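Subject: The structure you asked about

Hi,

Have a look at it first, then read on for what turned up.

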Amino acid sequence: MEGSLDTKDAITLILATIGTVLGIINYWRSIRDEKVRLRVVPVLAWNFGEGIMSIRSSRKIGELIDRYGIPRMGVEVINLSKFPITLDEVGLCEGNIEKRERAPFFQASTHQNETCPIKLAPRESVILYSQDNHCLDYTFTIQSMAYATTSCDTTQNGRSHALVTWQEIQKQTCKKGLI
């Protein structure tokens with residue numbers, strides 16, 4: 001019969017199609033794996049002697065503030081890339097990535113007093129904390145997101161309930177001059 005596929009040709013066509021699909025999938029994955037990927041999460045932090053307690057959100061934040069005082073703002077950065085990255089700057093900002101006003105944490109440090117730049121291995125995380133009076137440095141911005149910038153100038157942002165709480169604390173304490 002002319003024009004019909006015999007078994008050998010059908011198997012060849014199926015295998016060629018599978019090979020093409022797998023090649024496209026592998027190409028897409030390799031492009032995705034070469035991108036810098038970060039998770040950025042704002043946290044609230046209280047000093048406890050030699051350590052620091054950090055939380056993203058809790059229904060008991062009000063109780064913690066009453067008990068331990070006004071927290072500092074922190075930014076947790078998790079390297080989701082498949083290669084190490086160098087973290088150059090963290091802070092708070094408003095708006096989208098391209099048009100926002102940044103409020104970087106000056107002298108941001110970890111609980112072990114490391115400062116930027118900080119090298120993060122794949123799947124490694126770090127929390128950088130602001131100074132106690134961060135809100136006094138920046139009155140121009142609403143600070144609706146946290147951000148992190150790498151040495152290759154890639155910037156990612158993130159939000160959490162801790163930032164909403166921080167905004168409420170900032171409104172109350174900065175206007176009263178408590179910090």
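Below is what I found, starting with the overall layout and ending with a few individual residues.

One thing to keep in mind throughout: this is a predicted model.

**The overall layout**

The chain contains 4 helices and 9 strands. If you walk along from the N terminus, the elements come in the order α-β-β-α-β-β-β-β-β-α-β-β-α. Of the 179 residues in the chain, 36% are buried. The chain exposes about 11100 Å², and carbon and sulfur atoms account for 52% of that. Looking at contacts between residues at least 6 apart in sequence, 70% of them join residues at least 24 apart.

In soluble globular proteins, nonpolar side chains tend to be buried together. In this chain, the largest nonpolar core has 26 residues, and Leu44, Val77 and Val90 are the ones with the most contacts inside it. Quite a few elements supply at least two residues each to this core, including strand S1 (38-48), helix H2 (61-68), strand S3 (72-79), strand S4 (85-93) and helix H4 (161-176). Strands S6 (118-120), S7 (125-129) and S8 (145-150) also supply at least two residues each.

Apart from neighbours within four places in sequence, Val77 is in contact with Leu38, Arg39, Leu87, Val90, Leu120, Glu124, Ser125, Val126 and Ala148.

**The four-stranded sheet**

There is an open sheet of 4 strands with antiparallel pairing, in the order S2-S1-S3-S7. Strand S2 (51-55) and S7 are the edge strands, each pairing on one side only. On average, neighbouring strands of this sheet are turned by 35 degrees against each other, with direction ignored. Helix H2 packs on the sheet, where H2 touches S1 and S2, and the direction of H2 makes about 40 degrees with that of S1.

Now for S3. On one side, S3 pairs with S1 in the antiparallel sense over 8 bridges; within that pairing, the partner of Leu38 is Asn79 in S3. S3 is also joined to S7, again antiparallel, by 5 bridges. Two spots to look at there are Val75, whose bridge partner in S7 is Leu128, and Ile78, which stands opposite Ser125 in S7.

Why can S3 be called largely enclosed by the rest of the structure? Buried here means under 20% relative accessible area. By that cut-off, 8 of the 8 residues of S3 are buried, so the strand is largely enclosed by the rest of the structure. Both faces are covered: Arg72, Gly74, Glu76 and Ile78 are buried on one side, and Met73, Val75, Val77 and Asn79 are buried on the other.

**The salt bridges**

How many salt bridges does a search of the whole structure find? The search gives 2. Side chains of opposite charge can pair when their charged atoms come close.

In one of the bridges, the side chain of Arg32 meets that of Asp33 at 3.6 Å, N to O. In the other, the side chains of Lys82 and Asp33 meet at 3.9 Å, N to O. Together, Arg32, Asp33 and Lys82 are linked in a network of salt bridges.

As for how open these residues are, Arg32 is partly exposed at 27% relative accessible area, and Asp33 is partly exposed at 24%. Lys82, with 57% relative accessibility, counts as exposed.

**Two residues with positive phi**

Last, a couple of backbone details. Arg123 is not a glycine, yet it has a positive phi of about 65 degrees. Arg123 sits in the loop between S6 and S7 and is exposed, with a relative accessible area of 56%.

Asp153 also has a positive phi, near 65 degrees, in a residue other than glycine. You will find Asp153 in the loop between S8 and strand S9 (155-158), where Asp153 counts as exposed at 62% relative accessibility.

That's the lot from me.

Cheers

Methods. Residues numbered from 1 in each chain as written. Predicted model: local features only at pLDDT ≥ 70, side-chain atom pairs only at ≥ 80, totals over all residues. Heavy atoms only, no water. Buried < 20%, exposed > 50% of the residue type's maximum accessible area, 1.4 Å probe, protein only. Contact = heavy atoms within 4.5 Å. Areas by Shrake-Rupley, 256 points an atom, 1.4 Å probe, with all protein chains shown as cover. Core = buried A, V, L, I, M, F, W, Y, C linked by side-chain atoms within 4.5 Å. Pairing = 2+ DSSP bridges. Axes fitted to C-alpha atoms, helices over the stretch in contact; angles between N-to-C directions. Salt bridge = Lys/Arg side-chain N within 4 Å of Asp/Glu carboxyl O.
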